[in-house]
Amino acid sequence: MTAKHPIVWIIATGTEILQGHYTDRNSPWISERLIGLGLATARHMALPDDAGALREGLAEAARLADLTIVTGGLGPTEDDLNRQAIARVWDKELYEDTEALRRIEERLRSRGRQLLPVNRVQALLPRGSRLIPNANGTAPGFFLPPEPPDGRGAVMALPGPPRENQPMFEQTGLALVREFFGGALMPLRTLTLRTTGLPE
């Protein structure tokens, strides 16, 4: 990746965010980590758990952003649609990743639970993607690099719960971002000037 000014979007998914039941704590946190690498986030977007809305928003991001980071929607329930939507937009087949399945099974076993068919869904990854391990939950993330000249940027998918999302991004996601953008990154430092006695 050699873009002079890389464009990064962050998409938080979940109808509960749009209904005001939960606050998106991941997007601002990820943006703060990215700015330390020299990457200013160009857009934050929230999308509902709706297949059509997800595909529409993801298609726009795939076309306009060099990297799209998507949070949420990787669970085992029927409204967790992100892996399917990403595979559709990026035109990739979903396959059952052996390493992802092994990690899911081990985590369930450590809690005295058995692997059920619904849990296997979480081991489905778009072909060509790289696994992002989840040490705090069953949903793995993944990073899918672009394949020029298809016109689509890269995408990183992470689960929604901050206690899973944020360690995954800190431990694996940041390194993948650095590797992807390479020499295009110029770390930024923020200077805060505190004043008193002067109105804004």
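Me: What covers the buried residues of H3?

Reply: A heads-up first: this is a predicted model, where local features need pLDDT of at least 70, side-chain atom pairs count only at pLDDT 80 or more, and totals for chains, interfaces and linings use all residues. Residues are numbered from 1 along each chain as its sequence is written, and side-chain values use heavy atoms, leaving out hydrogens and water. Helices (H or I, at least four residues) and strands (E, at least two) are DSSP runs numbered from the N terminus, contact means heavy atoms within 4.5 Å, and buried means under 20% relative accessible area, exposed over 50%, partly exposed in between (1.4 Å probe, protein chains only). The cover on H3 includes S1, S2, S3 and helix H4 (82-89).

Me: How do the buried residues of H3 sit around its axis, and what arc do they fall within?

Reply: Leu54, Gly57, Leu58, Ala61 and Ala62 are the buried ones in H3. They line one face of the helix, because the directions from the axis to their C-beta atoms fall within an arc of 140°.

Me: At the start of H3, which backbone nitrogen does a side-chain oxygen of aspartate 50 reach?

Reply: Polar contacts here are N or O pairs within 3.5 Å; within protein, one atom must be able to donate a hydrogen and the other to accept it, and residues adjacent in sequence count only if both atoms are side-chain atoms. The aspartate 50 oxygen comes to within 3.2 Å of the backbone nitrogen of glycine 52.

Me: Why do the buried residues of H5 sit on the same side, and what arc do they cover?

Reply: In H5 (residues 98-110), Ala100, Leu101, Ile104, Arg107 and Leu108 are buried. They share a side of H5 because they cover an arc of only 130°.

Me: Which exposed residues does the face of H5 turned away from its buried side carry?

Reply: The buried residues of H5 have cover that includes strand S4 (94-96), helix H6 (117-120) and S6. The face turned away from them carries Thr98, Arg109 and Ser110.

Me: What order do the strands of the open sheet take?

Reply: Two strands pair if DSSP finds at least two bridges between them. There are 6 strands here with mixed pairing, and the order is S2-S1-S3-S8-S7-S6.

Me: Which strands are at the edges?

Reply: Each edge strand pairs on one side only. Those are strand S2 (41-47) and strand S6 (130-132).

Me: Which residue of S8 is the bridge partner of isoleucine 69?

Reply: Strand S3 (residues 67-71) runs parallel to strand S8 (residues 154-158), with 5 bridges joining them. S7 pairs with S8 too, in the antiparallel sense over 3 bridges, and there phenylalanine 143 partners methionine 156. For isoleucine 69, the partner in S8 is methionine 156.

Me: Which residues of S8 point the other way from Ala154, Met156 and Leu158?

Reply: In a regular strand, side chains alternate between the two faces of the sheet. S8 is mostly covered, with 5 of its 5 residues buried. Pointing the other way from Ala154, Met156 and Leu158 are Val155 and Ala157.
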